[in-house]
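Colleague: Hi! Could you walk me through this one while I have it open on my screen?

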Amino acid sequence: MLFFVNLVFRNVFRAKLRTTLTIVGLVIATLAFGLLQTVVRAWYAGSEAASATRLITRNAISLTFAMPIYYREKIRAVPGVTAVAVSNWFGGTYKDPKNFFAQFAVDAPTYFPMYPEFVFQPDEFQAFMRDRRGAAIGRQLADLYGFKLGDTIPLKSGIYPGNWEFNVRAIYEAKDETTITRQMYFHYDYLNEQLKKTARSRADFAGVFVVGIDEGPSAPDISRAIDALFQNSLAETLTETEKAFTLSFVAMVETIVKAIEGVSYVVILIIMAVAANTMAMTARERLSEYATLKALGFKPGKVAAMIMAEAFLLAILGAGIGMLLTPIVVQVFHSLTIGVFAKMPLVAHTFYLQAACAVVVGLVAGIVPAYRAASVKIVDGLRHIG
Amino acid sequence: MRVPFSYIRRNLWVRKLTTALTAGGMALVVFVFAAVLMLDAGLKATLVATGSPDNVVLIRQGSQTEVQSGVFRDQAALIETSPEIARSSDGQPLVSKEVVVLNSLPKITDPNKRSNVVVRGLPEMGRTLRPQVRIVEGRMFRPGSNEIVVGNSVARGFAGVEIGQQLSFAARHWTVVGIFDGGKTAFDSEIWGDVEQMMQAFRRITYSSVIAKLASPTALDALKARLDNDPRLKVDVKREAQFYADQSASLSRFITLLGMALSVIFSLGAMIGAAITMYSAVATRTSEIGTLRALGFPRASILLAFLIESLLLALVGGLIGLIAASFLTVITISTTNFQSFSELAFAFTLTPSIVVSALLFSIVMGFVGGFLPAIKASRMKIVDALRAD
């Protein structure tokens, strides 16, 4: 057995350049695959952070339509509902149209108790509550743009005309790994007050309502009860869990996400061709050797097993190094795309997939040469010139 | 003295499996490369075709999209009177005052998944300004009615929009009476209805946008200057083509960046494949190289022969990849354009420049992969090479 292992090792490293190149190729492919899989996951990061005890009520037509603010009181009266907060998408850009991040106008006193994953310093939260033009900034966002407490953030919005300025009063931290702190919050009352002055017809409207519910009754029942309240009204509603709500955004760009996922398997096919080629060349050059082994009494199965073992060794080495490097590459990639992806979670599942691909590559690469070597007639093999 | 081409060609043919595997790897890379370029070309073609060079779009200053914009009736009337705008034979200004809203509709593949579709309310003039749009099934909506017509991409991608079915929004039922073909433009992804009915239904007091035909293609600057100087108006004016190009700039950039990054990474794998193949070709033919040198072929010819072999290998891969990619032209992709927050359908489009780029890309891969092995082959000493087994 030891002899067998030894033979496999020596054979793999006999053609050093070729083996090195193949392994480098495998490393690149494994890395690319791992990175793409992680990018696909990153699209879903928002929905992983979403809670099941929060519902989102929005206008049934589409998110671009608002609902009258008085809906808040009607929703609050639905059994099972514990809290209702307004959240308006502001859609502003900071200094340059490229500097885009999420801003929401919320009624802070009811909104933040529903989001325990945002951790505030009590004194900062008080300061935020006292300042009408105050803003609460997530840690990730603060780091991204270098915002500090006391800074003034000027924003321009395509939805709400004019120049807006907000004072950073609080910087909140994430409670755990999945929490995304890339948003800015400010007071809905301030937004509404300004609208009353400049665009009366757009005041007193809510973009979405965030609805806190008891753990007990089922979310679908409460959702139906809320939507029934406003049936046949001018602004019918659609209520779903926060998770379903965030997933609906991913569904919109599903084609792209699916394409990235599909392409991640193409790189495996490419490397499969490269590894299969390496093994095919190896086997062809050594056909006379295999014949010799058989002449010495090695069973065809053993010769085939030897070639398969070589193919697997190649695949495992390449994929192994690739898997080890994946976290580093993901981190570097994330630092380059920090403006696009809030989270880039590297999960165990990705590593399993990488390992599975390595096994498939090894199998595909080795199977034809192994069969050829096992079935070669000793006479033909000995006569063969590589 | 050059090494005959048939020698190079036959060398590839002799090692069929290796050639097929190496070329296959390259074909996959070229396929991805071409597919991405085709997607971007398709997106651009759709949006360029959407805008007519004589038409301009006017929206509220800074609002960027029609959906976010609002133009009051009196403002629209002011725009209409501008002399830079063309008039019909009976003196009517060629201006269409429209309302654009987004309606989230269930997808045909999975009714639980919804996406935003542009619903455009327009007057009869709006259709005059877009002569490329024609009805392919059913009929056009009647002015002043609750009838709507859907673009053929909407008809293909969404549920509940067949002729005779009704959409319910804004407390009204809207009956689908026809399907229109927008001539591979962004209009294919829209639903059209009567502007005044929609204004009433949505309780809107503002139009979303004003589309106008210029009296002459060069009148844009004059129109812009006039509107900028009018304190009653706060609008952005853009040529229609520019307006639609701007709408998809970030989607286009995203596709291109992602695609190029992928192509570069993947090509590393394919180039390594080519290098392995060519190194092995050099190794197994050492004595042949010695013979060629002994026959009087200079080092440069040997270098060239192996380089050409590698380029040929890559070109075969590139051609296969391109042929495979050309089948994609039958596929239409539909996704949400994040800038306009609405669904947009576009097809993979193969252009001559993509063919050239893809083949060049494959040749570069062949060159990089085959260069070092070719150098190695050309540097061999005749005696050593001939002595090799």
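Modeller: Happy to, and keep in mind that this is a predicted model. Let's start with a strand pairing: Gly138(A) has Tyr172(A) in S9(A) as its bridge partner.

Colleague: Which strand is joined to S9(A) there, and how do the two run?

Modeller: That is strand S7 (residues 134–138) of chain A, which runs parallel to S9(A), with 5 bridges joining them.

Colleague: What about strand S8 of chain A, parallel or antiparallel to S9(A)?

Modeller: Antiparallel: S8 (residues 152–157) pairs with S9(A) over 5 bridges. Pro154(A), for instance, has Glu165(A) in S9(A) as its bridge partner. S8(A) and S9(A) form a hairpin with 5 residues between the strands, and Gly162(A) in that hairpin takes a positive phi near 105°.

Colleague: And how many bridges join strand S6 of chain A to S9?

Modeller: There are 2 bridges between S6 (residues 118–119) and S9 (residues 163–174), and these strands run antiparallel. Val119(A) sits opposite Glu173(A) in S9(A).

Colleague: Switching to positive phi, which non-glycine residues have it?

Modeller: Lys95(A) is one of them, with a phi of about 65°. You'll find Lys95(A) in the loop between strand S4 (92–94) and strand S5 (102–106) of chain A. Another is Phe341(B), at about 60°, in the loop between strand S13 (332–337) and strand S14 (342–347) of chain B.

Colleague: Are Lys95(A) and Phe341(B) buried or exposed?

Modeller: Lys95(A) is exposed, with 11 other C-beta atoms within 10 Å. Phe341(B) is buried, with 20 other C-beta atoms within 10 Å.

Colleague: Now helix H9 of chain A. Which residues are buried in it?

Modeller: In H9 (residues 219–229), the buried ones include Ala219(A), Ile222(A), Ser223(A) and Ile226(A). Looking down the axis of H9(A), the buried residues fall within an arc of 100°, so they line one face of the helix. The face turned away from that buried side carries the exposed residues Pro220(A), Arg224(A) and Ala228(A).

Colleague: What do the buried residues of H9(A) pack against?

Modeller: Their partners in chain A are strand S1 (54–59), helix H4 (71–76), strand S3 (81–89), strand S12 (208–213) and strand S13 (237–241).

Colleague: Last topic: how is chain A divided into domains?

Modeller: Domain 1 covers 2–45 + 254–383, and domain 2 covers 61–235. The centres of these two domains of chain A, taken over C-alpha atoms, are 49 Å apart.

How values were computed
Residues numbered from 1 in each chain as written. Chains lettered and ligands numbered in written order. Predicted model: local features only at pLDDT ≥ 70, side-chain atom pairs only at ≥ 80, totals over all residues. Domains from an automatic or database assignment. Pairing = 2+ DSSP bridges. Helix = DSSP H or I, 4+ residues; strand = E, 2+ residues; numbered from the N terminus. Buried ≥ 20, exposed ≤ 12 C-beta atoms within 10 Å, placed from the backbone. Arc of directions from axis to C-beta. Contact = placed C-beta atoms within 7 Å.
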